[in-house]
Amino acid sequence: MSQPILVIGAAGGRQGSTGNRVAKLLLERGLKVRALVHHVDNRSESLRKFGAEVIPDDLLDPDRVRKALQGIKRAYFTYPVDDGLLEATAIFAIAARESSTEMVVNMSQLQNTSVAPSFRNLQHRLADQIFDWAHVGAVHLNAPPFFENVRALIAKTVSDQDTVLLPWGDGNAVIPLVAAEDCARVAAALLSAPDAPDQKRYELVGETPTVNEITSVLSAVLNRPIRYVDIPDERWVQAVQDRINRHALEHLSSLWRFFRTSGIRKGESGFAINGAIERLTGVTPQTLEQFFRLNLESFVGSRPGA
């Protein structure tokens, strides 16, 4: 593959960082990567040392996006949980079509429910259609929350109080999850394959634990009892509003409400594990237990004797 593969969000963020993972996986395979980064810093410099062509991005600037897509046949698209998803998707889709891009692997969200769980999820459903209408070979990765999202939500209270404080109901709600690493490996496999994939949409569910099962797994990994306490939405919003942007806060609040009230159980609707990750990558998906063991330090913090 002589042309570089364009990767959005290549510097990575605070949680899933799928763009960064995809860029590194492609570089490890000896492929050329054009890495779009929001800021030129130590993270982007690391990619440059790996061999990537690093370009500062602004997905809401049509001219910059057009230049970034020049000569690009394959691209990975992702957008943070913030305002601007539909605008960025439309700008990118138009520019990709103008550049005769043949494949856009698009990081999206689960869509196998008749009602969108949140406004952000509805935006993803619309964004997917924009890519389809642009005829740029869109392949949608429909993923639930990442393991990394769970870690970010519970690390502090588990470290300080041995407690998970979330508005997830009585503990029996199913929370579909997946490792960001697995999603990145799927994206890299699709982007580096010699031929176009046989599907245009892949549901990437790694595990479907209940809230109580999440707590039980974490207790076993940490070798200390961790309890789950259901809290009102208002208390959770108040606790996290200083570190989560308004768009993400609305999305997560709606998502938690959907999970605890939907009545969906394991194996139903979009909560089913279908083997797509292992089929596309040849590797068994990471389990929640494995993820917790790899991230033990997140749940220790400043505990006495730690």
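Ser 219 is part of helix H8, which spans residues 211-222; helices (H or I, at least four residues) and strands (E, at least two) are DSSP runs, numbered from the N terminus. Ser 219 is buried, its relative accessible area being 16%, where buried means under 20%, exposed over 50% and partly exposed in between (1.4 Å probe, protein chains only). Beyond its neighbours within four places in sequence, Ser 219 is in contact with Arg 224, Pro 225 and Ile 226, contact being heavy atoms within 4.5 Å. The model is a predicted one, in which local features need pLDDT of at least 70 and side-chain atom pairs count only at pLDDT 80 or more, while totals for chains, interfaces and linings use all residues. Residues are numbered from 1 along each chain as its sequence is written, and side-chain values use heavy atoms, with hydrogens and water left out.

The sheet comes next. Seven strands form an open sheet in the order S3-S2-S1-S4-S5-S6-S8, with parallel pairing; two strands pair if DSSP finds at least two bridges between them. At the edges stand strand S3 (53-56) and strand S8 (201-203), each of which pairs on one side only. From one strand to the next, the twist averages 20 degrees; axes are lines fitted to C-alpha atoms, for helices over the stretch in contact, and angles run from 0 to 180 degrees between N-to-C directions. S4 and S5 run parallel and are joined by four bridges, and Tyr 76 stands opposite Val 105 in S5. Helix H3 packs on the sheet, where it touches S1, strand S2 (33-37) and S3, and its direction makes about 160 degrees with that of S2.

Helix H4 (residues 85-98) brings several of these elements together. Its 14 residues reach 20 Å from the first C-alpha to the last, close to the 20 Å expected at 1.5 Å a residue, the expected span being 1.5 Å times one less than the number of residues. Among the buried residues of H4 are Leu 85, Ile 91, Phe 92 and Ala 96. The buried residues of H4 pack against strands S1 (5-7), S4 (74-77) and S5 (103-109), and against helices H3 (62-69) and H5 (119-134). Just after H4, Ser 100 takes a positive phi of about 60 degrees.

Val 136 sits in the loop between H5 and strand S6 (138-143) and is buried, with a relative accessible area of 1%. Residues up to four places away in sequence aside, its contacts include Ala 93, Ala 96, Met 103 and Phe 131.

Finally, the aromatic rings: the structure holds 10 aromatic pairs, where rings of Phe, Tyr and Trp (its six-membered ring) pair if their centres lie within 6.5 Å, and planes under 30 degrees apart count as stacked, over 60 as edge-to-face and the rest as tilted. Phe 77 and Phe 92 form a tilted pair, because their ring centres are 5.0 Å apart and their planes at 50 degrees. This pair links Phe 77 in strand S4 with Phe 92 in helix H4, 15 residues apart. Phe 77 is buried at a relative accessible area of 1%, and Phe 92 counts as buried at 1%. Trp 168 and Trp 256 make an edge-to-face pair, 5.3 Å centre to centre with 75 degrees between the planes. Ring pairs link Trp 168, Trp 236, Trp 256, Phe 258 and Phe 259 into a cluster.
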